[in-house]
Amino acid sequence: MKVCTTIADSRRALMGCNHPIGAILTMGALHEGHLALVRQARKECPTVVASIYVNPMQFDDQADLAIYPRDIQKDIRMLRDEGVDIVFTPIDSEMYPKEFGMWVEPGKVAGRLEGEHRPGHFRGVCTIVLKLFNTFHPDRSYFGQKDAQQLMVIRRMVEELALGIDIIAVPTVREHDGLALSSRNMNLSHAERQAAPVLYRALCLAKEFAMRGQGNTAHVREAMRECIAKEALATVDYVSIADAETLEELTAIDRPAVASLAVTIGTTRLIDNVLLAKAG
């Protein structure tokens with residue numbers, strides 16, 4: 001495995017590599033969710049490249065950026081063990097040189113949910129993802145379903161900017177109690193970790209309502225909020241039942257939909273989602 005710290009070195013390392021090239025873009029603090037992406041890419045692609053970069057431009061809260069978990073040497077070892085061919089670990093000045101001023105402005109789907117609650121987040125995400133795509137020129141790139149809105153935004157960017165990359169969604173990896181794996185889980189105290197599965201319990205309620213043909217999504221959202229309110233350490237940021245393509249809020253589950261939420265457990269903000277299907 002080759003570890004590169006510059007765009008130029010990454011491009012040189014990829015010269016002559018066999019296609020398709022599969023890319024996994026990460027902010028490090030790797031866990032089994034990331035490794036599921038790597039393993040799927042390893043099955044499908046003769047060349048697998050990964051990035052480790054905590055992108056400051058997608059954080060609207062500098063305190064959140066400061067506490068984001070980092071262990072790059074551990075991450076590199078994990079990727080080596082999974083057979084990744086090239087790992088790109090740039091510093092900020094490599095990705096954002098002096099007087100950097102070119103940004104990708106995402107569309108409507110990025111203005112809802114996370115975009116509404118974290119201004120500028122998806123502008124930072126799209127800009128760095130496009131730059132990494134232009135570094136690796138992958139044929140495929142793998143993303144977790146846990147970040148459903150990010151997945152939608154990136155798919156829209158790839159389509160509208162004609163990047164010619166297949167975006168592959170990989171199912172969310174969960175702990176035994178349903179908690180979605182996330183690098184931010186490392187910041188939970190013992191008590192907070194015990195409280196965190198309330199997100200998944202609320203999402204399972206939404207799935208149950210959908211399976212029973214519950215027509216009024218306002219009732220579903222209220223039931224989800226009531227479920228979360230029973231957990232003293234949890235504070236709801238948002239609860240959503242939305243169209244799976246546009247993220248427009250629905251009044252009824254009459255088409256493919258996604259139930260998603262953002263909840264702060266103690267001081268750690270977590271997101272999760274499940275896909276919903278119309279009953280029958």
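How many bridges join β7 to β8, and in which sense do the two strands run? Nine bridges join them, and the strands run antiparallel. The model discussed here is predicted, so local features need pLDDT of at least 70 and side-chain atom pairs count only at pLDDT 80 or more, whereas totals for chains, interfaces and linings use all residues. Residues are numbered from 1 along each chain as its sequence is written, and side-chain values use heavy atoms, with hydrogens and water left out. Helices (H or I, at least four residues) and strands (E, at least two) are DSSP runs numbered from the N terminus, and two strands pair if DSSP finds at least two bridges between them.

The β7-β8 pair belongs to an open sheet of three strands, ordered β7-β8-β9 with antiparallel pairing. Its edge strands are β7 and β9 (268-276), each of which pairs on one side only. On average, neighbouring strands of this sheet are turned by 15° against each other, direction ignored. Contact here means heavy atoms within 4.5 Å; axes are lines fitted to C-alpha atoms, for helices over the stretch in contact, and angles run from 0 to 180 degrees between N-to-C directions.

Helix α11 (residues 217-229) has 13 residues and reaches 18 Å from its first C-alpha to its last, close to the 18 Å expected at 1.5 Å a residue; the expected span is 1.5 Å times one less than the number of residues. Its buried residues (under 20% relative accessible area, with exposed over 50% and partly exposed in between, for a 1.4 Å probe and protein chains only) are Thr217, Val220, Arg221, Ala223, Met224, Cys227 and Ile228. Seen down the axis of α11, these residues fall within an arc of 160°, so they line one face of the helix; the arc is that of the directions from the helix axis to the C-beta atoms. Their cover includes α10 (198-211), β7 (234-243) and β8 (257-265).

A second open sheet has six strands in the order β1-β4-β3-β2-β5-β6, with parallel pairing. Here the edge strands are β1 (2-4) and β6 (166-170), each pairing on one side only. The twist averages 25° from one strand to the next. Within this sheet, β2 (residues 21-26) and β5 (residues 140-144) pair over two bridges in the parallel sense, and Ala23 stands opposite Ser141 in β5. Helix α4 (residues 72-81) packs on the sheet, touching β1, β3 (47-52) and β4 (86-88), with its direction at about 170° to that of β3.

The buried residues of α2 are Gly33, His34, Leu35, Ala36, Leu37, Val38 and Ala41, and they pack against β2, β3, α4, β5 and β6.

Arg184 lies in the loop between β6 and α9 (190-195). At 15% relative accessibility, Arg184 counts as buried. Leaving aside neighbours within four places in sequence, Arg184 is in contact with Phe59, Asp64, Tyr68, Arg118, Thr268, Arg269 and Leu270.
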